[in-house]
Amino acid sequence: MRSNALINAWRAIMLGSLAIVGLTQCGEGAGAPAPLSIASGAPTPASLLLTPPPGTIYLGAYVNPSQIPAPPPSLVAGVEAQIGRRFALGLHYYGFYQPFPGPNEIDDVANGRIPVISWNCTQSNASIASGNADQAIKARADAIRAFGHPIFLRYMYEMELASTPRWRPTCYDPNTDLPNGVFSPQYFIAAWDRIRAIFQQEGATNVVWLWNPAGEKNLGAYYPGNNEVDWVGFDRYDTGDLTPFDTYSAAYALLKTIGKPIMIGETGAQSVAQSQFFSKLPSTLSTDFKLVKAINYFDSSRKDNYFAGYSWVLDPSNMSAFATMANDPYMSGFEP
């Protein structure tokens, strides 16, 4: 039975998570890291790239209107019930040392969604690249392997945004990163490569690697390379009551030359603009942004320095417009 398979996967994940007990958020102890037994750079098999059926894209969401620390699956189910369909993707957020997959990802699989994991940093990329986080990385790789279902993984999404007291303060190291809170592209790529190599070494081959900047300028220096990335993405919000075309054009222009499928990792519109924004979204994506193959709506507010005070929460008065958008045939893609 499928339910028994999910329970067994959950048990295996919890056993794997025990490997990180005792780790601190600042490192895992002294000593030279064990050398990796394989080189990084092996591309993900084409069968796992998870592009949606032709003429469709994936629609996903992060549903947490009150910004509670651990939003339960029932929040996503509530929106799905209102719009009359299930999302194709489920967006979730974890700190570097938090265990995952967990209940939300189990619920995703049970309801036909592909999890999109936003895996944040906690220590510097230079420290990760030097091997100080290898045991934590292995624990996540083993848990994902035990989970056994495809997962999109976006490590350190929006890596080109500078650190502030409210945005990744513990990830920034003035000794190895660049001045003014800017994260070093060199060490970001080195950390990405090490994480990916460890995942491959541990046999966690059910990961689709999503490189997801915010969509600001000077992205190229942070790109790990075509063999290290499966999808690319950007996060853009309508902060000025604009159209989807105006919101996405600049970031899309920066990423389309890579030639990989694009995911809009996060997007949102403020309440007064939501209805118009949703009404234009399917036609704009299908006509002007053909490489965009997935989009996630951020049904929440933002509390970091970049969007402090903004709310993208779905207004009940705009739910009908959201439902119409969500049920447009172009937005109907599910895993083939």
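**A walk around the barrel**

Visitor: Across which strands does helix α3 lie, and at about what angle does α3 run to β2?

Guide: This is a predicted model, where local features need pLDDT of at least 70, side-chain atom pairs count only at pLDDT 80 or more, and totals for chains, interfaces and linings use all residues. Residues are numbered from 1 along each chain as its sequence is written, and side-chain values use heavy atoms, without hydrogens and water. Helices (H or I, at least four residues) and strands (E, at least two) are DSSP runs numbered from the N terminus. Helix α3 (residues 103–110) lies across β2 (89–94) and β3 (114–119), and its angle to β2 is about 170 degrees.

Visitor: How many strands form the closed barrel?

Guide: Two strands pair if DSSP finds at least two bridges between them. The order is β1-β2-β3-β4-β5-β6-β7-β8, with parallel pairing, so count along the closed barrel and you reach 8 strands.

Visitor: Which residue is the bridge partner of I262 in β8?

Guide: Strand β7 (residues 262–267) runs parallel to strand β8 (residues 292–299), and 4 bridges join them. In β8, I262 has as its partner V292.

Visitor: What is the orientation of α5 to α6?

Guide: Helix α5 (residues 134–147) packs on helix α6 (residues 185–201) at about 50 degrees, with axes 9 Å apart. Axes are lines fitted to C-alpha atoms, for helices over the stretch in contact (heavy atoms within 4.5 Å), and angles run from 0 to 180 degrees between N-to-C directions. Under 35 degrees counts as roughly parallel, over 145 as roughly antiparallel, 65 to 115 as roughly perpendicular and the rest as oblique. Therefore α5 is to α6 oblique.
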